[in-house]
Amino acid sequence: MIVSDESFENKVEIELDSIHLCPSFVCNDKLYFINKNAYNRNSDSLYFDIYKLEFP
């Protein structure tokens, strides 16, 4: 996954070997992935795995 800024300049490249792609979004320098396993156990809520993005 490549994260770009508002000028579409690449900021960071993230290798996603162990993560199954699913709906995700970036907000406040954090990457949010929907946790499908938790959702499958309780579909009344959304669960997210959150990763902090740090740019050089």
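1. Start with the aromatic side chains. Phe25, Tyr32 and Phe48 are linked into a cluster by ring pairs. Keep in mind that this is a predicted model. In total, the structure holds 4 aromatic pairs. In one of them, the rings of Phe25 and Tyr32 have centres 4.8 Å apart and planes at 5°, so this pair is stacked. Tyr32 also pairs with Phe48. Here the ring centres are 6.1 Å apart and the planes stand at 85°, so the pair is edge-to-face.

2. The cut-off for buried is under 20%. Phe25 is partly exposed at 40%. Phe48 is partly exposed too, with a relative accessible area of 32%.

3. Now look at the surface. Phe25 and Phe48 belong to a nonpolar patch there, along with Tyr39, Leu46 and Ile50. Together these residues have about 460 Å² of accessible area.

4. Next, the strands. Phe25 sits in E3, which covers residues 24-27. E3 and E4 run antiparallel and are joined by 4 bridges. Within this pairing, Val26 stands opposite Leu31 of E4. The hairpin of E3 and E4 has 2 residues between the strands, and Asn28 takes a positive phi near 50° in it.

5. E4 has another partner. E4 pairs with E5 (residues 48-52) in the antiparallel sense, over 5 bridges. Follow Tyr32 across: this residue stands opposite Ile50 in E5. Ile50 is also one of the patch residues.

6. Asp29 deserves a look. Where does Asp29 lie? Find the loop between E3 and strand E4 (30-34). Asp29 has a relative accessible area of 38%, so this residue is partly exposed. Beyond its neighbours within four places in sequence, Asp29 is in contact with Tyr51, Lys52, Leu53 and Phe55. Take Leu53 as an example. Asp29 and Leu53 are 24 residues apart in sequence, but their C-alpha atoms are 5.2 Å apart in space.

7. Last, the charged side chains. How many salt bridges does the structure hold? The count is 1. Lys11 forms a salt bridge with Asp5, and the closest N and O atoms are 3.6 Å apart. Lys11 has 37% relative accessibility, so Lys11 counts as partly exposed.

Terms used. Residues are numbered from 1 along each chain as its sequence is written. This is a predicted model: local features need pLDDT of at least 70, side-chain atom pairs count only at pLDDT 80 or more; totals for chains, interfaces and linings use all residues. Side-chain values use heavy atoms; hydrogens and water are left out. Patches are made of residues with over 30% relative accessible area and no salt bridge: like charges are joined within 9 Å, nonpolar side chains (Val, Leu, Ile, Met, Phe, Trp, Tyr) within 5 Å. Accessible areas come from the Shrake-Rupley method with a 1.4 Å probe; for residues, only the protein chains shown count as cover. A salt bridge is a side-chain nitrogen of Lys or Arg within 4 Å of a carboxyl oxygen of Asp or Glu. Buried means under 20% relative accessible area, exposed over 50%, partly exposed in between (1.4 Å probe, protein chains only). Contact means heavy atoms within 4.5 Å. Two strands pair if DSSP finds at least two bridges between them. Rings of Phe, Tyr and Trp (its six-membered ring) pair if their centres lie within 6.5 Å; planes under 30 degrees apart count as stacked, over 60 as edge-to-face and the rest as tilted.
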